[in-house]
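This briefing goes with the sequence and coordinates shown here. It is meant to be read with the structure open.

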Amino acid sequence: MRARGPAVILLITCVLGPHVTCQDHTEEEEHDKQPAGPGHHHWSYQDILEWDKDYPECGGKAQSPIDVDTQHTVFDAQLRPIQLSGYNLSTAETLELENNKHTVVLKLPGTMKIIGGLPEIYQAAQLHFHWGSKSNPGSEHMVNGRRFPGEIHVVHYNSEYTSVEKAANHSGGLAVLAAFIEKGPDYNEGYEPLLSHLEAVKDGGQITEIPGFDISRLLPQRLDRYFRYNGSLTTPPCLQTVNWTIFNQTIRLSETQLDLLEDTLHHDHDQLLQENFRDPQKLNGRNVLSSFKAPVLGRKAAGEGEVM
Ligand SMILES: [Zn+2]
């Protein structure tokens, strides 16, 4: 009789978390029970320092977010303006909006694409937000040590892969468009089709369907000025396969709108879902490119609604 060891089947399942959450389940014939603790596949912003126990890549050398030091960014004339396609969705289309207890996620159709400004074509998967609280700003990326009130991430995957889950495991598989959110004097009409539905998903785990709208209005108008670097998902499993674009122009929401983003959602136990951001990670020798020349220091301060 042929001796055989336990057959090990590695299954990778991914769900769309704040980014993409992929969990490895190693199933053995003995069906070893998974104890709580490491390997339990749950994570929170309260145990950030423990993430790499369950998800080793979170301790990697090319992690996100980062603090962009504009004195050390490298101008790259090859970086063309980001060009979007199919972002203006019909109201006849329905989109799923979910409070997944880490953030609010809007699922996006693959017909939305980035067709310029990246080496390949990327199609949209979802977008979500990071924010703070009344007393603490909550963007993930920072610029010259400055944190902004909030940040939007629009997650795309390389269209050579058949799914975001597959793409997430390959270098260059993902492209995230990021923009900072700050407080401005005016009501931002472009955000209303999203913010007006937050109340419907205020409890952790709630899902609702909302009509399509022009998603490009959630991003800044100027898509030609941005920072670019290679990094990771900012949540477990922290896969280091993300080509990041961080726009220089910020998004401005009225105080009421910003309050709504910060104070509406709850996770478990009736707790407000706030401060869902990870601190900046070490660059470890990575270059941060910019698509535009930095203003001469001292000659121009960052204008309103701009990072620099
Ligand atoms: Zn994110």
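The model is predicted. The chain contains 4 helices and 18 strands. Of its 308 residues, 48% are buried.

**Whole chain**

- The accessible surface of the chain is about 14,900 Å², and carbon and sulfur atoms account for 49% of this area.
- Counting contacts between residues at least 6 apart in sequence, 71% link residues at least 24 apart.

**Nonpolar cores**

- The largest nonpolar core consists of 42 residues. Leu106, Leu127, Phe129, Ile152, Ile181, Tyr191 and Ile215 have the most contacts inside this core.
- Two or more residues of this core come from each of β6 (94-99), β7 (104-107), β9, β12 (150-158), β13, α3, β17 and α4. The element that gives the most is β9, with 5 residues.
- Once neighbours within four places in sequence are set aside, isoleucine 181 is in contact with Phe129, Phe148, Pro149, Gly150, Glu151, Ile152, Tyr191, Ile251, Leu253, Leu258 and Leu261.
- Another core, of 26 residues, lies apart from the largest one. Its members include Phe148, Tyr157, Val288 and Val307.

- Strand β12 is mostly covered, with 9 of its 9 residues buried.
- β12 pairs with β9 in the antiparallel sense over 9 bridges. Within this pairing, leucine 127 has valine 154 of β12 as its bridge partner.
- β12 also pairs with β13, in the antiparallel sense and over 8 bridges. Here tyrosine 157 has leucine 174 of β13 as its bridge partner.

- β13 and β16 run parallel and are joined by 5 bridges. Alanine 178 has isoleucine 246 of β16 as its bridge partner.
- β15 (residues 226-231) pairs with β16 in the antiparallel sense over 6 bridges. Isoleucine 246 of β16 is also the bridge partner of phenylalanine 227.

**The open sheet β3-β10-β11**

- An open sheet of 3 strands has the order β3-β10-β11, with mixed pairing. β3 (67-68) and β11 (146-147) are its edge strands, each pairing on one side only.
- Strand β10 (residues 142-143) runs antiparallel to β11 and is joined to it by 2 bridges. Valine 143 stands opposite arginine 146 in β11.

**Helix α4**

- Helix α4 covers residues 255-263, and its buried residues are Gln257, Leu258, Leu261 and Glu262. These four lie on the same side of α4, because they cover an arc of only 135 degrees around the axis.
- An α-helix has 3.6 residues a turn, so residues three or four places apart point the same way.
- The cover over the buried residues of α4 includes β9 (122-131), β13 (174-183), α3 (192-195) and β17 (251-253).

**Asparagine 188**

- Asparagine 188 is in the loop between β13 and α3. It counts as buried because its relative accessibility is 16%, and the cut-off for buried is under 20%.
- A polar atom of the asparagine 188 side chain lies 3.0 Å from the backbone nitrogen of glycine 190.
- Beyond its neighbours within four places in sequence, asparagine 188 is in contact with Ile251, Arg252, Leu253 and Gln257. Gln257 is one of the buried residues of α4.

**Asparagine 276**

- Asparagine 276 is in the loop between α4 and β18 (289-290). This residue is buried, and its relative accessible area is 0%.
- The asparagine 276 side chain reaches the backbone oxygen of phenylalanine 129 at 3.5 Å. Phenylalanine 129 is among the residues with the most contacts inside the largest nonpolar core.
- Beyond its neighbours within four places in sequence, asparagine 276 is in contact with Tyr45, His102, Thr103, Phe129, His130, Trp131 and Glu140.

Note on methods:
Residues numbered from 1 in each chain as written. Predicted model: local features only at pLDDT ≥ 70, side-chain atom pairs only at ≥ 80, totals over all residues. Heavy atoms only, no water. Buried < 20%, exposed > 50% of the residue type's maximum accessible area, 1.4 Å probe, protein only. Arc of directions from axis to C-beta. Contact = heavy atoms within 4.5 Å. Polar contact = N/O pair within 3.5 Å; in protein donor to acceptor, adjacent residues only side chain to side chain. Areas by Shrake-Rupley, 256 points an atom, 1.4 Å probe, with all protein chains shown as cover. Core = buried A, V, L, I, M, F, W, Y, C linked by side-chain atoms within 4.5 Å. Pairing = 2+ DSSP bridges.
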